[in-house]
Amino acid sequence: MRAVQVQEYGGPEVLRTVETEVPEPGPGQVSVDVAYTGVNFADLKARGEGYRVPSLPFVPGLEVSGRVRALGEGVSGVEVGQEVAALTNGGAYADVVVADATTVFPLPSGVDLRTAATLPTVLPTAYALVHAVGRLQPGETVLVQGAAGGVGTTVGQLAKAAGASGVFGVVSGAAKAKYALDHGYDDVFVAPSTNSTASTNSTNSTASTVSAGFVDEVRAATGGRGVDLALDPVGGETFRASLASLAAFGRLVSFGNASSAEPWRVGQPELYPTGLSVSGFSILTLAQTAPDALRALTEKAFAAVAEGVVSLPVTAEFPLEEASEAHRLMGGRTSTGKLLLRVA
C-alpha cells in the first residue's frame, strides 16, 4: 500500500510516498480503508519538530474517513465495510490505517465520506472548547484566535448556536477576516503575522505567528469590559494577550502552541485581581486518558453536523502523493477552513 513517510525532520519536502505493508488490527483495534485524510497543524509540527513522534520513520496523520477493512479481537459496534470516521494516533497519510475501536465512529445519517474526514479532530475540539471546557453561557462573549482555521470556523458557529452575545475572532489577514465573518463571527480583528524562529530536531524553521496587538480592539468592541471566554491555540505572546482580553471572572482555554514558544505559565498575580481562570484541552491526550469521555463528546459534536448546526467547508483538496503541497499551503498561513488529502 501507499503511505506518506517522514524519514527526517524538516520542511514539506521531507514528505515522501513509499510502498509499505498493510497494517493489521490488534485486539481492540480496527483497520480502515482510507477515503480521505484530514490535514492538521499538528501534522506540520510532527514533520518539522517531532511533535508526538515516537521514532523515525513515521507516517503522519490524525484523522480519516473510509470503510472498515478488518476488526481486531474483541471489537464490536462496527462492521466490515461500514463507513466510519476515525481519530488515529498517527499513520493516517496512507491507504490503510489502524485505529483504536474507541476512536472509530459510524457516520451520522446524511454525512458523506468527504465531509466525515473534516470531523474527527476539529469538531470535537471545537465542541469541547465551547461547551465542555469553555462552558459558554447564553449572553456571554468569546474571543477566538485563528478564527478562519478549521477549529475557528466551527467554534464561531457553535458559539452563536449556544447563544453568545458577541463572537470575536483574530486572524492574520483581510481575506481571512472576510471568511470568518461569513462563519458566525460578529467582528474580526486583523493582527498581522510576525516571524518567530522555532527550533526543530534537525533544522531551524521560521514560523509565522499572529502578533498580539489585538487587546485594545477587543476592549473597544466590548465597551472596555473584555470577553468572558478566550480560546488560544497559539501560545507565547498571543496567550498573554488573550489573558489580558478577559473580563472579570473570564476563562481562557489553551488548546495548542502553534508559536512553539516556551510553555505558558500563569499564577496568582495574573489570576487573583479579577478572578480569572485558565484551563487546557488536547483531543489527542483525551483519547489516551479518557476515551469514554472523548466518545461521548464526539457523538454530541457529530450530532451538531447531522442537525445542520455547524459545517466545515473543505477549501482545498490534494491527492495523497501531494501531501507536501498541502503542508506548504497550511504552513504559509493563508489557508482557511479544512484541507484534505484524497486517498481512495
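This is a predicted model: local features need pLDDT of at least 70, side-chain atom pairs count only at pLDDT 80 or more; totals for chains, interfaces and linings use all residues.
Residues are numbered from 1 along each chain as its sequence is written, and side-chain values use heavy atoms, with hydrogens and water left out. Helices (H or I, at least four residues) and strands (E, at least two) are DSSP runs numbered from the N terminus.

**Strands and sheets**

- An open sheet is formed by 6 strands in the order β10-β9-β8-β13-β14-β15, with parallel pairing, where two strands pair if DSSP finds at least two bridges between them.
- β10 (187–190) and β15 (277–280) stand at the edges of this sheet with a single partner strand each, so one side of each is left without a neighbour in the sheet.
- Neighbouring strands of the sheet are turned by 20 degrees against each other on average, direction ignored.
- Strand β14 (residues 246–254) runs parallel to β15 and is joined to β15 by 4 bridges, and L252 has V278 in β15 as its bridge partner.
- Strand β3 (residues 29–39) pairs with strand β4 (residues 63–71) in the antiparallel sense over 7 bridges, and S31 stands opposite A70 in β4.
- β4 also pairs in the antiparallel sense with strand β5 (residues 83–87), over 5 bridges, and the bridge partner of V64 is A86 in β5.

**Helix packing**

- Helix α3 (residues 122–132) and helix α10 (residues 291–306) pack with their axes 9 Å apart and at an angle of about 100 degrees; axes are lines fitted to C-alpha atoms, for helices over the stretch in contact, and angles run from 0 to 180 degrees between N-to-C directions.
- That angle makes α3 roughly perpendicular to α10, a term that covers 65 to 115 degrees.
- L123, P124, Y127, A128 and A132 of α3 make the contact (heavy atoms within 4.5 Å) with L297, T298, K300, A301, F302 and V305 of α10.
- By class, the residues of the contact of α3 with α10 are 9 nonpolar, 1 polar and 1 charged, where Ala, Val, Leu, Ile, Met, Phe, Trp, Tyr, Cys and Pro count as nonpolar, Asp, Glu, Lys and Arg as charged, and the others, Gly among them, as polar.
- Helix α1 (residues 41–49) and helix α11 (residues 323–331) have axes that come within 10 Å and cross at roughly 105 degrees, which makes α1 roughly perpendicular to α11.
- The contact is made by F41, D43, L44 and R47 of α1 and H327, M330 and G331 of α11, and these residues divide into 3 nonpolar, 2 polar and 2 charged.

- The largest cavity has a volume of about 50 Å³, a volume being the space filled by probe spheres set on the grid points, which are joined across faces, edges and corners.
- Residues lining the largest cavity (an atom within 4 Å of a point) include L123 and V305, and the lining divides into 6 nonpolar, 4 polar and no charged residues.
- The largest pocket, an open set with protein on both sides within 12 Å along at least five of seven lines, holds about 1,000 Å³ of space.
- Of the 43 residues that line the largest pocket, F41, V151, P233, F255 and A258 lie nearest its centre.

Notes:
Angles under 35 degrees count as roughly parallel, over 145 as roughly antiparallel, 65 to 115 as roughly perpendicular and the rest as oblique. On a 1 Å grid over the protein atoms alone, a cavity is a set of points where a 1.4 Å probe fits but cannot get out, and a pocket is an open set with protein on both sides within 12 Å along at least five of seven lines; lining residues have an atom within 4 Å of a point.
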